[in-house]
Amino acid sequence: MAKRNSRPWIVSDELWSLVEPLLPVPAPKLVAGRPRVPDRQALCGILFVLHTGIQWEYLPQELGFGSGMTCWRRLAA
């Protein structure tokens, strides 16, 4: 029987190798600002919200996934 992951929102290296080629290439930044949250972190944030059912705005910053709005925008894109 497979071991159940206690944190299912964490993307494994194996899964990431399958998902990464499917993501669009980010457009170049036209103005200086905050650095872009890495796609893998944003995906983990999206999975956290979908798994826990919390609202996007309540995504904990301490987890390092970026803001809930950032993750929501990435999902929409």
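**A tour from Arg-74**

Select Arg-74 first: beyond its neighbours within four places in sequence, Arg-74 is in contact (heavy atoms within 4.5 Å) with Arg-36, Val-37, Pro-38, Asp-39, Ala-42 and Ile-46. This is a predicted model, in which local features need pLDDT of at least 70 and side-chain atom pairs count only at pLDDT 80 or more, while totals for chains, interfaces and linings use all residues. Residues are numbered from 1 along each chain as its sequence is written, and side-chain values use heavy atoms, with hydrogens and water left out.

Arg-74 belongs to helix H3 (residues 68-76); helices are DSSP runs of H or I with at least four residues, numbered from the N terminus. Its relative accessibility is 19%, so Arg-74 counts as buried (under 20% relative accessible area; exposed is over 50%, partly exposed in between; 1.4 Å probe, protein chains only).

Next, display Asp-39. Arg-74 forms a salt bridge with Asp-39, the closest N and O atoms being 2.9 Å apart; the term denotes a side-chain nitrogen of Lys or Arg within 4 Å of a carboxyl oxygen of Asp or Glu. Because Arg-74 lies in helix H3 and Asp-39 in helix H2, the pair ties together parts that are 35 residues apart in sequence. Salt bridges with shared partners join Arg-36, Asp-39 and Arg-74 into one network. In the Arg-36 to Asp-39 bridge, the closest N and O atoms are 3.0 Å apart.

Then move to Arg-40, which forms a salt bridge with Asp-13 at 2.8 Å between the closest N and O atoms. Arg-40 lies in helix H2 and Asp-13 in helix H1 (residues 13-19), so this pair links parts 27 residues apart in sequence.

Conventions:
Helix = DSSP H or I, 4+ residues; strand = E, 2+ residues; numbered from the N terminus.
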